[in-house]
Amino acid sequence: MKPLFHKVPINIQNTFGIRHNIEPNFGKIWHYHPELELHYVVKGEGVRFIGDNISNFSSGEIILLGENLPHTFRCSDKYYQQNDSLEVEAIVIQFLPDCLGKDLFNLPEAYLIPKLFEKAKKGMVLSGETREKVADLMKKATTASHMDRLILLLSILSTLSETDEYESITSGYAFYHSNESDIIRLNKIYSYTLSNYKKEISLEEISSISNLSITSFCRYFKLMTKKTYYDFLIEIRISHACRLLVEDKIPTEVICFDCGFNNVSNFYRHFKKIAGMTPMDYKRRYLLN
């Protein structure tokens with residue numbers, strides 16, 4: 001299991017990194033790095049974990065992540081079943097805040113860029129014309145070289161700094177920088193939960209996976225994630241329920257049990273608390289868009 005801190009591979013000859021990946025899935029490792037990350041999901045779907053937020057992602061999503069904001073993109077289960085016909089695709093740009101020089105963003109003309117970096121610490125999901133424009137610029141950046149790469153990055157940052165077409169992802173996540181043993185344990189918890197959320201997971205069971213007593217586990221998990229394990233598990237179940245609802249292939253009552261809830265009223269109560277509406281309203285709202 002890799003440690004949470006991730007060393008971003010950037011060629012020494014380049015100011016920032018850009019990758020166009022086509023792979024079976026996005027992996028599973030919860031990680032962070034000092035570079036900001038602009039992540040464009042060209043193709044793929046699943047659940048993303050960013051700071052203290054758990055949400056679905058799908059094709060076309062573009063997000064900007066601030067420095068040291070923990071994240072992982074867990075694809076839907078079908079992407080981990082060695083199906084050669086299924087692939088995910090993403091364009092990822094990663095850069096340090098001062099990659100273009102410590103003084104550039106202090107210039108009067110660039111005063112909005114530091115403000116953008118502050119907003120990015122909560123994560124930003126782009127929408128509307130901004131998302132379309134940034135997607136086009138990112139595609140061009142994958143094949144650009146020399147000065148054209150820098151010009152495209154500046155164009156992207158300029159577009160992002162001037163837009164209000166975005167939503168923040170976290171509520172202001174304060175990341176606890178842990179040691180490697182803590183990180184390995186957290187990855188075990190995440191992996192086990194994502195593989196078993198459909199069944200009942202007791203605190204005895206998950207604390208055993210973590211090699212901790214129940215009391216120590218509860219304290220540890222709250223410190224690392226700012227939420228209880230039970231809240232975390234419910235959020236994962238509701239995220240999967242949201243995806244099944246918009247796919248509109250099986251009845252809501254079946255989705256309830258398929259996502260790990262033991263009765264329909266319990267499912268409806270938790271869904272409305274997290275999504276802010278009933279499952280039927282959620283499905284109707286999505287299908288009308």
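Q: What makes the link between the side chains of Ser55 and Asn53 a polar contact?
A: The model is predicted, so the value is computed from its coordinates. The side chains of Ser55 and Asn53 are joined at 2.7 Å. The cut-off for such a pair of N or O atoms is within 3.5 Å, so the link counts as a polar contact.

Q: Why does Ser55 count as buried?
A: Ser55 has 19% relative accessibility. Buried means under 20%, so Ser55 falls in that class.

Q: Which residues does Ser55 touch, not counting those up to four places away in sequence?
A: They are Gly46, Val47, Arg48 and Ser239. Ser55 itself lies in strand 4, and Arg48 stands opposite Ser55.

Q: How do you know that strand 3 and strand 4 pair?
A: Five bridges join strand 3 (residues 46–50) to strand 4. Pairing needs at least two bridges, so these strands qualify. They run antiparallel.

Q: What makes strand 4 and strand 6 the edges of the sheet?
A: The open sheet has three strands in the order 4-3-6, with antiparallel pairing. Strand 4 (53–57) and strand 6 (71–75) each have a single partner strand, so one side of each is left without a neighbour in the sheet. Neighbouring strands here are turned by 20 degrees against each other on average, direction ignored.

Q: Which strands does helix 7 lie across?
A: Helix 7 (residues 229–247) lies across strand 3 and strand 4. Its angle to strand 4 is about 15 degrees.

Terms used: Residues numbered from 1 in each chain as written. Predicted model: local features only at pLDDT ≥ 70, side-chain atom pairs only at ≥ 80, totals over all residues. Heavy atoms only, no water. Helix = DSSP H or I, 4+ residues; strand = E, 2+ residues; numbered from the N terminus. Axes fitted to C-alpha atoms, helices over the stretch in contact; angles between N-to-C directions. Contact = heavy atoms within 4.5 Å. Buried < 20%, exposed > 50% of the residue type's maximum accessible area, 1.4 Å probe, protein only. Polar contact = N/O pair within 3.5 Å; in protein donor to acceptor, adjacent residues only side chain to side chain.
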